[in-house]
Amino acid sequence: MDLGIQGKSALVCGASRGLGLGCAEALLAEGVHVTIVARDPAVLEQAASALRAKVGSSVATVAADITAAEGRAAALAACPQPDILVTNAGGPPPGDFRDWSRDDWIAALDANMLTPIELIKATVDAMMARKFGRIVNITSNSVKAPIDALGLSNGARAGLTGFVAGLARKTVKHNVTINNLLPGAFDTDRLAAIFAGAAQSGNRSAEEIRESRRVMIPAQRFGTRQEFGAVCAFLCSAHAGYMTGQNILLDGGAYPGTY
Ligand code: NAD
């Protein structure tokens, strides 16, 4: 299926690894000009070289912290008028809410709520003027079902979800859609770090924790970044213009609800 976005430009945040990289790969495969953002220049350049080797040269890089105003300015200077925006940053650390200070909450809100909102604010009006725009926010299954140890994520991402629900209904008449993609358990560095952290604070190995998590997923496996990227690319496609304000769960069937 031709997704109808060849030649469009995309800004993909948090894209040197994991789910963001999966989105960048899938958009590049559709002929999109992609700018990828991540903090570590060496890891970012490594990712960009691998992408160029696979799909050609339409990959630009910005080494920046997307949660900082200067980082967002640098990303938008490199890709000032994206047709496609994928927002993403690292998730907040796990813990007990009794240990979190106001600064911990502000950091989580900055990364997982206010940064996507700032990026949308900087790009959405020009998208509406051009009559094409696709915005995808990478959030979490914690939006549908809270995760015990990830209270910072549960709270901050719920705020973004509420904001998007309102704005997405205002932009769609201009062919600008805003949707959220909710990963369940995907096999990325982030998931490995969570298992390693849990192993350190408990009496099971990371491998045992991983296995006990795997068997609880109806699909009996973790998702891949390629699967995530493919759904993202469809949401960014010319065919998805009637779909906005949705929270799309990709979790191998783990969420137990009927709706
Ligand atoms: P990851 O750690 O594997 O990759 C994150 C990417 O974002 C990396 O490229 C990293 O360099 C970049 N990044 C992180 N913070 C950044 C910042 N401040 N500025 C710029 N770049 C930044 O993580 P992932 O597994 O791909 O997860 C992506 C998002 O999805 C996270 O917010 C995570 O909490 C959420 N999530 C992931 C899973 C999962 O199973 N992997 C499940 C639920 C939610």
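**Close-up views of a predicted model**

**View 1. Helix 6 gives the most to the shell around the ligand, with 3 residues.** Helices here are DSSP runs of H or I with at least four residues, strands are runs of E with at least two, and both are numbered from the N terminus. This is a predicted model, in which local features need pLDDT of at least 70 and side-chain atom pairs count only at pLDDT 80 or more, while totals for chains, interfaces and linings use all residues. Residues are numbered from 1 along each chain as its sequence is written, and side-chain values use heavy atoms, with hydrogens and water left out. The shell holds 28 residues, and Ser-16, Leu-19, Ala-89, Phe-186 and Thr-188 come nearest to the ligand; a residue is near if one of its heavy atoms lies within 4 Å. By class, 11 of the shell residues are nonpolar, 11 polar and 6 charged.

View 2. From the backbone, an N or O atom of Arg-17 sits 3.1 Å from a ligand oxygen atom, and one of Gly-90 sits 3.1 Å from a ligand nitrogen atom. Arg-190 brings a polar side-chain atom to 3.1 Å from an oxygen atom of the ligand. On its own the ligand has 830 Å² of accessible area, and the protein covers 93% of that (Shrake-Rupley method, 1.4 Å probe). Helix 1 and helix 6 (189–200) are the elements that give two or more residues to this shell.

**View 3. The largest nonpolar core has 35 residues.** Such a core is a set of buried Ala, Val, Leu, Ile, Met, Phe, Trp, Tyr and Cys residues joined through side-chain atoms within 4.5 Å, where buried means under 20% relative accessible area (1.4 Å probe, protein chains only). Val-12, Leu-27, Val-34, Ile-36 and Ile-84 have the most contacts inside this core. Among the elements that each supply at least two of its residues are strand 1 (9–13), helix 2 (41–55) and helix 8 (225–235). Helix 1 gives the most, with 7 residues.

**View 4. Now meet Val-34 and its surroundings.** Beyond its neighbours within four places in sequence, Val-34 is in contact (heavy atoms within 4.5 Å) with residues including Ala-10, Leu-28 and Val-59. A second, separate core of 23 residues includes Val-62, Val-164, Val-176 and Ile-178.

**View 5. Ser-142 is buried, with a relative accessible area of 4%.** Ser-142 lies in the loop between strand 5 and helix 5 (151–171). Its side chain joins that of Ser-153 through a polar contact of 3.2 Å.

Conventions
Buried means under 20% relative accessible area, exposed over 50%, partly exposed in between (1.4 Å probe, protein chains only). A polar contact is a pair of N or O atoms within 3.5 Å; within protein, one must be able to donate a hydrogen and the other to accept it, and residues adjacent in sequence count only if both atoms are side-chain atoms. Ala, Val, Leu, Ile, Met, Phe, Trp, Tyr, Cys and Pro count as nonpolar, Asp, Glu, Lys and Arg as charged, and the others, Gly among them, as polar.
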